[in-house]
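Here's a friendly walk through one protein structure. Take a look at the model first, and then we'll go through its contacts together.

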Amino acid sequence: MQMYNQTLSEVINNENTKLEIVERYEEISASKIRNLIEEEVLRLGVSIDSVEYVKEGQNYFLRIVIDRDEPIDIDKCVEVTNVINPLLDDIDFIDDSYIL
């Protein structure tokens, strides 16, 4: 019985280690994305509030939250997206498919 508990403990530790690696990868990716797009987004008169790259279920999501003093309408979101997309496509350091 002791050997079974040790093996189970090792599996749990390995799963925790895998989760930590995935979370760290997501943090690094979000930081790289922010650094890549921030200057161009600022030129549009908005700032980046947050960047989040996460896996939910089977899908990865890249969420970029923008902000400015005036209300942000859909046209501004489209404008920012049109600037961000080519930058992300050019670098292409995210191996997985994701939803922006």
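## A salt bridge and a ring

E56 and R63 join their side chains in a salt bridge, with N and O 3.1 Å apart. How accessible are the two partners? E56 is partly exposed, with a relative accessible area of 38%, and R63 is partly exposed too, at 31%. R63 also has its charged end sitting over the ring of F61, 4.9 Å from the ring's centre.

Keep in mind that this is a predicted model. The mean pLDDT of the protein is 80, and 70% of its residues reach 70 or more. Confidence is lowest in helix 1 (residues 2-43), where the mean is 68, and highest in helix 2 (residues 74-91), where it is 92.

Side chains of opposite charge can pair when their charged atoms come close. A search of the whole structure turns up seven salt bridges, and one of them links R43 to E39, with the closest N and O atoms 2.7 Å apart. These two are four residues apart in helix 1, so about one helical turn separates them. Both R43 and E39 are exposed. They also belong to a network of salt bridges that links E39, E40 and R43.

Over in helix 2, K76 and E79 are three residues apart, which again puts about one helical turn between them. Their salt bridge brings the closest N and O atoms to 2.9 Å. Is K76 buried or exposed? K76 is buried, because its relative accessible area of 11% falls under the 20% cut-off. E79, at 34% relative accessibility, counts as partly exposed.

## The tyrosine cluster

Now for the aromatic rings, where the count comes to two pairs. Y53 and Y60 are stacked, because their ring centres are 5.3 Å apart and their planes meet at 10°, which is under the 30 degrees cut-off. Both Y53 and Y60 are buried.

Y53 pairs with Y98 as well, and this pair is edge-to-face, at 6.4 Å centre to centre with 85° between the planes. Since Y53 lies in strand 1 and Y98 in strand 3 (residues 98-99), the pair ties together parts that are 45 residues apart in sequence. Put together, Y53, Y60 and Y98 make up one aromatic cluster.

Leaving aside neighbours within four places in sequence, V41 is in contact with V46, I48, I66, V80 and I84.

## L36 and its partners

L36 is found in helix 1. It is partly exposed, with a relative accessible area of 24%. Which residues does L36 contact, leaving aside its neighbours within four places in sequence? They are L87, L88 and I91.

The L36 and I91 pair is worth a look: the two are 55 residues apart in sequence, but their C-alpha atoms are 8.8 Å apart in space.

Key: Residues numbered from 1 in each chain as written. Heavy atoms only, no water. pLDDT = per-residue confidence, 0-100. Buried < 20%, exposed > 50% of the residue type's maximum accessible area, 1.4 Å probe, protein only. Contact = heavy atoms within 4.5 Å. Salt bridge = Lys/Arg side-chain N within 4 Å of Asp/Glu carboxyl O. Phe/Tyr/Trp six-rings, centres within 6.5 Å; stacked < 30°, edge-to-face > 60°. Lys NZ or Arg CZ within 6 Å of the ring centre and 35° of its normal.
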